[in-house]
Amino acid sequence: MRRALLLLVILGSMMAFFHFVPVTAESGPGRPAAAEVGDYPKRGGFYTVRPAAEVDLGALEAQIAAEPRTRKLAEGVYASRSLIWGFPDITHVWSEDGNVHVSSHLVYGSSDLGVNRRRIEGWLAALN
């Protein structure tokens, strides 16, 4: 009984930590260096570059801002949290060299289980 109670206290504390820890635009890895058009899976995240003719940056940012549990931290920087644990992910969105760049990466841990890729691809698919 005591072990179960201790486990619940530990899990509850971890959940509270991830839900309430402050996340800023500087949390996690910064914006990656601009790359050519394509998809770039990364450990703990995903980065994609699309031609600006294919993606309306303003509509994309509106799509991101409308996402549940997502808030704007700075110009082109958003924080999204998972539903149960509240794990934060940082998304950078910008336009450079005639392309739209979207990079999303977890703040804590090493594996996002593909969440960032699915999130970005979902946003882009919703625009089409």
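How many aromatic pairs does the structure hold? The structure holds seven, where rings of Phe, Tyr and Trp (its six-membered ring) pair if their centres lie within 6.5 Å, and planes under 30 degrees apart count as stacked, over 60 as edge-to-face and the rest as tilted. One of the pairs is formed by Y47 and W94, which are stacked at 5.9 Å centre to centre with 10° between the planes. This pair links distant parts of the chain, 47 residues apart, with Y47 in strand β2 (residues 45-51) and W94 in strand β5 (residues 88-96); strands are DSSP runs of E with at least two residues, numbered from the N terminus. Both Y47 and W94 are buried, that is, under 20% relative accessible area with a 1.4 Å probe and protein chains only. Ring pairs also link F17, F18, W85, F87 and Y108 into a cluster.

This is a predicted model, in which local features need pLDDT of at least 70 and side-chain atom pairs count only at pLDDT 80 or more, while totals for chains, interfaces and linings use all residues. Residues are numbered from 1 along each chain as its sequence is written, and side-chain values use heavy atoms, with hydrogens and water left out.

Both Y47 and W94 are among the residues that S103 touches, as are P32, F46 and I120, where contact means heavy atoms within 4.5 Å and residues up to four places away in sequence are not counted. S103 lies in strand β6 (residues 99-106), and S103 counts as buried because its relative accessibility is 2%.

Key
Helix = DSSP H or I, 4+ residues; strand = E, 2+ residues; numbered from the N terminus. Buried < 20%, exposed > 50% of the residue type's maximum accessible area, 1.4 Å probe, protein only.
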